[in-house]
Amino acid sequence: MGLIADRVAQARAGTNPLVIARMASGWAVMGEVQFLPGYCLLLADPVVGSVNELSPAARAQYFEDMARLGDALLEVTDAHRINYEILCNVVPELHAHLFPRYETEPEEQRLKPAWDYDWHSAVKFDEQAHGPLMQAIRAQLQLTA
């Protein structure tokens, strides 16, 4: 079982502490690191290798859910845009990264991909510190359901 499949299994079992909400196409989850506050992912459920393996209707739903999650991030953070990335190179299971981007980011980082941040020393998700943001995202998704 791959990393995303494992995380989806945990979400289904109610044991994934990063779950924001169940969406029609999968699971919205907080990122394990929060170098950009609100960084989250959309994990496809059922797990597939790429968006190309989804039916046209399932593709449309996945992209709609991804945009809804981005809309929620824009509503509850002071991000000025959301970067959406679907790579599936290292982990070949469909998942989208949503990176809120902020005008307050250091000048040298603001125009670069989020991957240029130091992920190893980044702040780890912490329920006490990041729980209120997770709750706000969840509440915003419920408003737009």
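Colleague: Which radius of gyration does the protein have, and what would a compact globule with 145 residues have?

Modeller: The radius of gyration is taken over C-alpha atoms, and the globule rule is 2.2 Å times the number of residues to the power 0.38. With 145 residues, that rule gives a compact globule a radius near 15 Å, so the protein agrees with it. The radius of gyration of the protein is 15 Å.

Colleague: What kind of model is this, and which pattern does the protein follow along the sequence?

Modeller: This is a predicted model, in which local features need pLDDT of at least 70, side-chain atom pairs count only at pLDDT 80 or more, and totals for chains, interfaces and linings use all residues. Residues are numbered from 1 along each chain as its sequence is written, and side-chain values use heavy atoms, with hydrogens and water left out. Helices (H or I, at least four residues) and strands (E, at least two) are DSSP runs, numbered from the N terminus. The protein has four helices and five strands, and the pattern is α-β-β-β-α-β-β-α-α.

Colleague: Which residues touch the most other members of the largest nonpolar core?

Modeller: Such a core is a set of buried Ala, Val, Leu, Ile, Met, Phe, Trp, Tyr and Cys residues joined through side-chain atoms within 4.5 Å. Buried means under 20% relative accessible area, exposed over 50%, and partly exposed in between (1.4 Å probe, protein chains only). The residues that touch the most other members, in a core of 46 residues, are Ile20, Ile137 and Leu141. Elements that each supply at least two residues of this core include strand S1 (19-23), helix H2 (56-76) and helix H4 (127-143).

Colleague: Which residues is Ile20 in contact with, leaving aside its neighbours within four places in sequence?

Modeller: Contact means heavy atoms within 4.5 Å. With those neighbours left aside, the partners of Ile20 are Ala28, Val29, Met30, Cys40, Met134, Ile137, Arg138 and Leu141.

Colleague: What is the phi of Cys88, and is the residue buried or exposed?

Modeller: Cys88 is found in the loop between strand S4 (81-85) and S5. Although Cys88 is not a glycine, its phi is positive, at about 60 degrees. Because its relative accessibility is 13%, Cys88 counts as buried.

Colleague: Why is Gln109 classed as buried, and which residues does Gln109 touch?

Modeller: Gln109 lies in helix H3 (residues 107-110). Its relative accessible area is 13%, and therefore Gln109 is buried. Not counting residues up to four places away in sequence, Gln109 touches Arg101, Asp116 and Tyr117.

Colleague: Where does Trp119 lie, and which residues does Trp119 touch?

Modeller: Trp119 lies in the loop between H3 and H4. With a relative accessible area of 22%, Trp119 is partly exposed. Not counting residues up to four places away in sequence, Trp119 touches Val33, Phe35, Tyr39, Phe99, Ala114 and Lys124.

Colleague: How many Å apart are Asp78 and Glu107 in space?

Modeller: Asp78 is found in the loop between H2 and S4, and counts as exposed at 58% relative accessibility. Asp78 and Glu107 are 29 residues apart in sequence, while their C-alpha to C-alpha separation is 17 Å.
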